[in-house]
Structure formats: C-alpha cells, structure tokens
Amino acid sequence: MNRKTIIPIGPYHPLQEEPEFFELEVEGEKVIDINVHIGYNHRSIEKIAESKTFDQMVFLVERICGICSTSHPIANCNAVEDLAGIEIPERARYIRSIVGELERLHSHLLWAGLAGHFIGYNTLWMWIWKYREPILEIFEAVTGNRNHYAMMIPGGVRRDIKEEDIPFLSKGLDEAERKIDMVTKAVLDDPVLAARLKGVGILSREDAINYCAVGPTARASGIPIDVRRDDPYAAYDLVDWEVITQEEGDVFAKAVVRLLECFESIKIIRQCLKMLRTVKGEIAAKVKEIPPGEGIGRHEAPRGEVFHYVRSDGSNMPVRLKVRAPTYVNLPTCKATVPGESVADAAIILAAIDPCYCCTERIVTINKRTGQRELNGQDLLRLSRKKTEKICKNMGRRNV
Amino acid sequence: MVQQDVIKELKEKLGKKILKWEEKPPKRYYLTIPREDILETANFIFKEQGARFIIESGVDTPRAMEILYHFSFDELNKIVTLKVLLPKDRCEVESIAPIIPGANWIEREIAELLGVKFLNHPDPRRLLLAEDWPEGEFPLRQEVRENQ
C-alpha cells in the first residue's frame with residue numbers, strides 16, 4: 001500500500017517566517033519530494049520603479065529586504081553608474097564597503113543564531129544575538145538607523161563617516177571579533193553539531209551550477225564565486241581579503257562559510273576605516289542626467305549575488321528595472337537537497353540557504369490520508385530539537 | 001581561459017546570426033540573436049563555455065517584447081546578455097529551462113507577468129500571481145498602469 005503523505009509547510013517559512021509554501025512528500029520519516037510555492041507577498045516593486053525617478057528608485061529598492069537592506073541600493077547604484085558611466089569618489093567607495101560589510105556581519109550572526117535555535121541550541125541563539133546587537137548600535141551611530149540606512153545614492157553616499165565616530169566603530173569591531181571567534185571555535189569543535197549537521201542536505205557542485213546557486217550556498221559547495229572579487233565595485237579591489245569556500249556542500253559547510261566570512265568582513269572594514277583617515281574629499285559625484293541605455297549592477301549580499309538591470313530612455317525615470325535577489329536562485333536548490341532526508345532535517349536544510357526573515361510563523365501539517373492530524377510549526381521544531389537531544393544523549397552529553 | 005577568448009569564440013560560433021552587437025568593454029556585452037537560435041546559443045554558453053546563468057529579464061518596448069538572458073563569466077568579469085525580440089502579436093520563444101534548471105522560475109514569472117509563452121517549459125504553472133488572477137491580463141506590460 002502506498003503510504004505517501006504530503007506535508008504542507010507554509011504559506012510561511014517554518015524557520016525564518018517568510019511567505020513561502022513548501023509541500024513535502026514523505027514516506028514515513030523520509031522526504032521523497034518537495035514542491036515550492038512563492039508569490040504570497042509579491043509587491044510589484046519592478047512595476048512601481050517604472051514610476052519613480054532614478055533618485056527615488058534607490059530608496060524604493062531598499063524596501064525589498066529588511067535584513068540586507070543596503071544590498072539592493074548598492075546593486076541599484078552600480079547599475080545606474082554602469083548605465084551613465086559615473087565614477088564615484090574614492091571616499092564614497094570605502095564608505096560603501098564599510099556599510100556593506102557591517103550588514104554582512106549582522107546578517108550572518110542573525111542566521112547563525114536562528115540556526116542554533118531551530119536545532120535546539122538556544123544558548124547559542126541567545127549569545128549570538130547578544131553579540132549582534134553592538135553591530136546594530138554601530139549602524140545607528142554611523143548611519144542614523146539600525147536598519148534601512150538610506151546611505152546610497154547614484155554617484156556616491158549620502159552621509160559621511162565622521163572622524164570622531166571611527167574609534168567607536170573600531171572598538172565595537174574588536175569586541176565583535178573576540179566574540180565571533182569564541183562562537184566559531186565552539187561551533188567548529190562541537191561534536192553534537194558535527195553529528196547533527198555534517199552530511200545533511202548536501203548540495204553537490206553540479207547541482208549548484210545547474211540551479212545557478214550564488215553566495216554562501218554556492219561557496220559551501222566548492223564554487224569560488226564572489227561578486228566582490230569577480231566584478232569589483234566600491235572598495236573591494238582596494239583592500240586585502242579572501243573568498244571563503246568549503247567543499248562539502250552540507251549544512252555544516254554553509255555555517256562554516258558564513259562564520260569565517262565574518263572575519264573577512266571585519267578585516268575589510270578595518271582597512272577601509274584606516275583609509276578613511278587619509279582619503280578625504282567629496283562623498284558623492286554630481287549626477288545630472290541619465291542618458292538612454294542599459295546598465296547592470298551587482299552586489300554580493302550576505303545571501304549571494306544581487307543583480308539589477310536598469311534601462312533608461314533618457315527621461316528621469318527608468319523604463320525597466322529588473323531585480324534578481326539571491327534567494328530566487330538559492331531556494332530551488334532545495335529540490336536537490338531535501339529529498340532523501342528525514343522530516344526532522346528538512347527544517348534546517350530549508351533554513352541553510354538563509355532566506356530573508358519577516359512576517360509571522362504559521363505552519364499547518366495535515367495528514368492527507370486521514371485528514372485529521374494537525375501539526376504546527378512548534379511540532380516541526382520539536383522534531384528537530386528531539387533529534388539533537390537524542391544525539392546528545394547517545395554521546396553522553398548534556399544538551400545546552 | 002584567456003581574457004578575450006570567450007567573446008571571440010562566441011562571435012565565431014554565432015557568425016552571421018548576430019543581428020546586433022553592442023558592447024561596453026571590458027565588462028558588458030549585449031548581442032541580439034534570432035529567437036530560433038536561443039536554445040542552441042544558451043546551451044553553448046552555459047554547457048560548453050561554462051558561464052553562470054544569472055537571470056532573464058523581460059522588457060516590454062513599443063516595438064517588441066524583449067527577453068534578455070544574462071550570463072556571467074565570473075572568472076573573467078564579463079556579463080554577456082543575449083537578446084531576443086519577440087513580435088507583440090506572437091510572444092513565443094523556446095524555453096531554456098530544460099537545459100538550465102535555474103531558469104525554471106524566471107520563465108514562469110515572465111510568462112505570467114508579461115504574457116510571453118515559453119515553448120516546451122517543463123513546469124508551466126503560475127509562480128507569483130494568485131490562482132484567481134484573470135487569464136490574459138499581464139500586470140508588468142506597459143499599457144497596465146500602476147493604479148489599475
């Protein structure tokens with residue numbers, strides 16, 4: 001008898017509270033297929049952009065995402081600058097990189113905390129989020145906002161980083177580096193995490209290429225792509241840093257890539273801050289008219305490459321704006337990673353690509369055969385945590 | 001691979017099929033090709049030249065519906081954009097999703113938002129629009145205004 005069951009997860013992402021809807025086809029505990037539905041929160045930003053001026057468009061695209069809120073503005077400015085052939089002042093380049101990397105730091109820490117939470121490592125969650133807080137405070141001091149910094153405009157940046165803010169920034173970074181170092185060592189050495197995450201949800205190199213995956217999702221599968229190095233913009237070709245890759249492609253490798261990237265981000269910010277002391281001058285080039293034509297801009301967001309295509313007809317508004325966020329190509333990889341794994345692992349695998357976070361958590365699980373039993377998001381978390389507890393017990397360790 | 005090679009290779013491979021060649025060296029290349037050749041060309045760039053498929057963009061212009069296929073040569077820092085122009089009365093083009101799984105979603109999106117038909121698409125369901133959205137209404141087309 002066929003005992004296939006379909007488990008609907010959504011229309012909100014079980015872990016990261018995003019409007020996506022997954023249908024897991026399961027046989028017993030094993031997932032045999034997955035189906036993804038999106039579009040529950042389509043805001044038609046591409047259409048709205050056609051009725052905004054080039055200056056307004058930057059602030060519009062900043063609203064695409066709340067966590068990587070500077071990624072889209074940077075990509076958008078890159079596209080407009082590519083279209084109009086604008087060179088931005090050197091000081092603006094450093095400031096762009098600083099904001100971009102601070103964002104990567106807080107975004108990766110947010111993910112690491114949540115990942116800990118969902119496998120039942122609540123201590124990790126609490127501590128990491130505590131360490132993330134000072135980075136948001138830096139943002140508030142430097143840009144005026146904890147999120148939606150509104151720092152970018154075509155031609156440069158809107159706000160300068162003041163000389164007197166730099167010591168505060170450096171101190172915050174030193175502190176953050178010590179803490180992230182501690183967390184990274186704890187994560188890398190933890191036998192339970194290794195048992196729980198290694199070999200789970202493997203994305204092979206071939207699949208990553210075929211699904212056109214980007215960012216940490218691709219880099220954890222051994223594909224060394226990073227727009228910051230491959231298509232340099234801002235100050236990324238003026239400072240010294242490394243692209244982090246791992247070969248395994250499992251959830252653990254994705255976590256390692258993100259944690260190690262935090263150190264590279266800190267390294268980049270430090271060098272940029274040092275340069276800010278000597279490189280003075282304008283922070284924005286004057287942009288008068290946008291000529292007809294087309295431009296492409298990219299930015300390596302915390303989740304991967306953000307792609308913007310802008311076309312102009314010579315007026316003050318774009319004819320077309322095309323946006324490709326990294327999750328758009330990373331999410332379909334779950335078709336390759338989830339089938340074959342157990343239901344308890346599905347949650348963390350779906351979270352491993354790090355889709356954005358918003359909205360409310362709500363999951364209903366219905367057994368199609370009986371139509372009776374209902375599981376909710378809490379149950380899925382319970383399953384995930386129970387598995388960690390079991391591993392802890394088998395190893396004779398106390399769960400944290 | 002040597003810096004210029006992929007572009008030269010592509011030029012030789014396509015030959016007279018290139019209807020229009022625009023470039024902003026050294027990073028951006030835009031080439032318009034006949035729509036019949038898109039599958040073969042995409043296959044060549046993706047499989048043989050090893051480019052990464054970034055995304056497709058659909059642009060509704062007064063003359064034609066343009067589909068842009070953006071490919072990235074990451075190691076060489078070049079983006080090659082293939083363009084096909086579809087006449088407004090016959091918005092149809094061969095789907096590249098059978099050879100590039102990463103193009104699956106975006107073709108579904110363009111199909112419902114711009115009304116372009118992708119032939120032989122493996123999964124031609126709607127992606128973003130609601131199930132009760134009226135058939136034959138394409139919200140991203142130019143004639144649709146924002147306040148409608």
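Modeller: Of the 148 residues of chain B, 39% count as buried, that is, with 20 or more other C-beta atoms, placed from the backbone, within 10 Å of their own. This is a predicted model, in which local features need pLDDT of at least 70 and side-chain atom pairs count only at pLDDT 80 or more, while totals for chains, interfaces and linings use all residues. Residues are numbered from 1 along each chain as its sequence is written, and chains are lettered from A and ligands numbered from 1 in the order in which they are written.

Biologist: What pLDDT does chain B average?

Modeller: pLDDT is the predictor's confidence in each residue, from 0 to 100. Where it is low, the predicted coordinates should not be read in detail. Chain B averages 89, and 95% of its residues score at least 70.

Biologist: Which order do the elements of chain B follow?

Modeller: Helices (H or I, at least four residues) and strands (E, at least two) are DSSP runs, numbered from the N terminus. Chain B has three helices and seven strands, arranged from the N terminus as α-β-β-α-β-β-β-β-α-β.

Biologist: How many residues of each chain are in contact?

Modeller: Contact requires C-beta atoms, placed from the backbone, within 7 Å. Here 24 residues of chain A are in contact with 20 residues of chain B. On the chain A side, helix H1 (45–49), strand E7 (304–312), strand E8 (318–324) and helix H12 (326–330) each supply at least two residues. For the complex, the predictor gives an ipTM of 0.93 and a pTM of 0.89.

Note on methods: Buried ≥ 20, exposed ≤ 12 C-beta atoms within 10 Å, placed from the backbone. Contact = placed C-beta atoms within 7 Å.
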